[in-house]
Amino acid sequence: EQSILINGLTGRATFNTDVSIVDRQAGGIEIAGSAGSVIFSNPVTLTDQLGASTAAGVLVSGNLSGNLVEFTDNLTVTSTSVTAGATERTDGNGILISGNAAGSAFRAVGVTTVNGADLESILITNESGNVDFLGETRVRNRATEGIAVTGSSGSVEFGVTTPRRLAQVSN
């Protein structure tokens, strides 16, 4: 079960307060099959717990043309234990963006941090929509690829704003 599930939205959903998902044991935020806009106006923090499964911290998939998913402030996905190989690490992706239609958009405006993912920290796959990480992107304590873009035809950009922002990937 996801902590936040938005599916089939045609209007607008706005979170005008901080979102903190603590000790998640399944999916964190899932936005799927929607043509509307989902806006997180304040910081979003997801922390997983032992047994968080292979579900992504943030999953944006199968959305339709016209869909916008925007994290206006900082977005942080982290595990409770970030030591490489620790059993408490998240078993899934930190952020997974997949299979969204052309004309859809994902935007992370603030600092995006993924800390302690066992699968790709940020995976963009089979994506026809546009993906922009406008602020600084930080990937830490990863077990596999930090940022992976595969089989996608949409535009994918990191550090789009002026001055350019860093994309940091470290173990």
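Mentor: The following account begins with the chain as a whole and then turns to the aromatic pairs.

The model is a predicted one. Its protein chain has 18 strands and zero helices. Of the 171 residues in that chain, 48% are buried. Among contacts between residues at least 6 apart in sequence, 85% join residues at least 24 apart. The chain exposes about 7,200 Å², of which carbon and sulfur atoms supply 47%.

Now to the rings. A pair of aromatic rings is described by two quantities, the distance of the centres and the angle of the planes. The structure holds five aromatic pairs. One of them joins F15 and F40, with 4.6 Å from centre to centre and 10° between the planes. This pair counts as stacked because its angle falls under 30 degrees. F15 belongs to strand β2 (residues 12-15) and F40 to strand β5 (residues 37-40), so the pair ties together parts that lie 25 residues apart in sequence. The two partners can also be described by their accessibility. F15 has a relative accessible area of 24% and is partly exposed, whereas F40, at 1%, is buried.

Another pair is formed by F106 and F133. Their ring centres are 5.5 Å apart and their planes stand at 50°, so this pair is tilted. Here too, distant parts of the chain are linked: F106 lies in strand β11 (residues 105-108) and F133 in strand β14 (residues 130-133), 27 residues apart. Both F106 and F133 are buried.

These two pairs also have a place in a wider arrangement. Ring pairs link F15, F40, F71, F106, F133 and F158 into a cluster.

Leaving aside residues up to four places away in sequence, D132 touches F106, R107, A108, E157 and V160. D132 is buried, yet has no salt bridge. Which side chain of opposite charge is nearest to D132, and how far away is it? The nearest is R107, at 4.8 Å.

Technical notes:
Residues numbered from 1 in each chain as written. Predicted model: local features only at pLDDT ≥ 70, side-chain atom pairs only at ≥ 80, totals over all residues. Heavy atoms only, no water. Phe/Tyr/Trp six-rings, centres within 6.5 Å; stacked < 30°, edge-to-face > 60°. Helix = DSSP H or I, 4+ residues; strand = E, 2+ residues; numbered from the N terminus. Buried < 20%, exposed > 50% of the residue type's maximum accessible area, 1.4 Å probe, protein only. Lys, Arg positive; Asp, Glu negative; His and termini not counted. Salt bridge = Lys/Arg side-chain N within 4 Å of Asp/Glu carboxyl O. Contact = heavy atoms within 4.5 Å. Areas by Shrake-Rupley, 256 points an atom, 1.4 Å probe, with all protein chains shown as cover.
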